Amino acid sequence: MKIIRSRTLGSKWIKTKILLRNKILRTFVPHTRLYNELNLLYMLNKHNMVYVKPVIGTFGQGVIRVKKLSAGRYNYQIGTVSKTFNSYRELVHSLNKAKLNRNYLIQKGIRLLTYRGRIFDIRVMVQKNASDYWEATGYIGRVAHPQKIVTNFHNSGKPLPLETLLGAHIKEAEKKKNYIDQLVRLGNEIAQQFSRSHPGYKEIGVDIGVDSTLKPWILEVNTSPDPFIFNQLKDKRMFYKALRLARLHGRFIARKRTKRR
Ligand SMILES: Nc1ncnc2c1ncn2[C@@H]1O[C@H](COP(=O)(O)OP(=O)(O)OP(=O)(O)O)[C@@H](O)[C@H]1O
Ligand SMILES: [Mg+2]
């Protein structure tokens, strides 16, 4: 196995392959293919709903949800714009114009749980601490804007305590706690897996989508995760911890101003 020293990694495709090398983690990765017209047709026939995402992308920019409807019809949504087509040809023609000039991948779409009618997903933050051990420092839920298909804060998503969002789906407090513990363990396992080939990584932020059977799915692993999302919570403990460890790794350190002469 090639060992890579860099500290961050942009390509969602390479990150997916790292996860697929692990027998346990593999079962949490939605089926993924690189984008081309044949693969899109295959993925739509298999899953009916897919997400088409730039291989290198942030903030949910350029993310498209594509659906196969009945009677040979198709639909896609990007931002708040939704379009429906009467044939696969028309869909692809329009998609090719809507896509940014980048490589894309296609991922099985997860029917995410909702909170007050809006989809949400989960961010779990795992960072190396001062003793060089991976530690899960925070978790938070992110609710999508009602007209959007992504939950990103930079895309009008709303960060809320995960306990609140899971409330309607897992009633018993003890069960909810156990469920969150399971997500935290998943985050830790992902950090270990990335460390094997990329020992330079110090921090990861895992985006987890949960379906109606409560199965967690790894939507994405970020290698330069934003600690400031936790500042949205009233309880600042996760924020302080995550920011402290981000600083330990050289991020968000205010530079002292020196007078220019
Ligand atoms: N397979 C999927 N099924 C359901 N929802 C998805 C799927 N993939 C992505 N999403 C939604 O789109 C959002 C953005 O996707 P993703 O996290 O992969 O890219 P990104 O946010 O642009 O990248 P980054 O997190 O590095 O900024 C996710 O947070 C989630 O809300
Ligand atoms: Mg993301």
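Colleague: What does Asp-132 count as, at its relative accessibility?
Modeller: At 47% relative accessibility, Asp-132 counts as partly exposed. Buried means under 20% relative accessible area, exposed means over 50%, and partly exposed is in between, with a 1.4 Å probe and protein chains only. This is a predicted model, where local features need pLDDT of at least 70, side-chain atom pairs count only at pLDDT 80 or more, and totals for chains, interfaces and linings use all residues, while side-chain values use heavy atoms, with hydrogens and water left out. Residues are numbered from 1 along each chain as its sequence is written, and chains are lettered from A and ligands numbered from 1 in the order in which they are written.

Colleague: Thanks! And where does Asp-132 lie?
Modeller: Asp-132 lies in the loop between S8 and S9. The S names are strands (E, at least two residues) and the H names are helices (H or I, at least four residues); both are DSSP runs, numbered from the N terminus. S8 and S9 form a hairpin with five residues between them. Phi of Asp-132 is near 70 degrees, a positive value in a residue other than glycine.

Colleague: How many bridges pair S8 with strand S9?
Modeller: Nine, and the two strands pair in the antiparallel sense. Two strands pair if DSSP finds at least two bridges between them. S8 also pairs antiparallel with strand S7 (residues 114-115), over two bridges, and Tyr-115 has Arg-118 in S8 as its bridge partner. Six bridges join S8 to S11, which again run antiparallel.

Colleague: Which residue in S11 does Arg-123 stand opposite?
Modeller: Arg-123 stands opposite Asp-207 in S11, and opposite Ile-140 in S9.

Colleague: New topic: what coordinates the magnesium ion?
Modeller: The magnesium ion, ligand 2, is coordinated by Asp-207 (OD) and Glu-220 (OE), at 2.2 to 2.3 Å. Asp-207 lies in strand S11 (residues 203-210) and Glu-220 in strand S12 (residues 216-222), so the pair ties together parts that are 13 residues apart in sequence. Donors here are N, O and S atoms within 2.8 Å of the metal (3.2 Å for Na, K and Ca), and water is not among the atoms, so sites may look incomplete.

Colleague: Are Asp-207 and Glu-220 buried or exposed?
Modeller: Both are buried.

Colleague: Which residues of helix H1 are buried?
Modeller: In H1 (residues 12-20) they are Lys-12, Lys-15, Thr-16, Ile-18 and Leu-19. Seen down the helix axis, the buried residues of H1 fall within an arc of 155 degrees, so they line one face. That arc is taken from the directions from the helix axis to the C-beta atoms. Among the elements that cover them are helix H5 (173-197) and S12.

Colleague: And which residues touch the most other members of the largest nonpolar core?
Modeller: Of its 44 residues, those are Leu-19, Phe-120, Ile-122, Ile-190, Ile-208, Ile-218 and Phe-230. The largest share, eight residues, comes from H5. A nonpolar core is a set of buried Ala, Val, Leu, Ile, Met, Phe, Trp, Tyr and Cys residues joined through side-chain atoms within 4.5 Å. There is also a second, separate core of 17 residues, including Leu-44 and Phe-85.

Colleague: Last one: which backbone oxygen does the side chain of His-249 reach?
Modeller: The side chain of His-249 reaches that of Lys-128, at 2.8 Å. This is a polar contact: a pair of N or O atoms within 3.5 Å, where within protein one must be able to donate a hydrogen and the other to accept it, and residues adjacent in sequence count only if both atoms are side-chain atoms. His-249 lies in the segment after H6 and is buried, with a relative accessible area of 12%. Leaving aside neighbours within four places in sequence, His-249 is in contact (heavy atoms within 4.5 Å) with Arg-7, Lys-128, Lys-202 and Glu-203.
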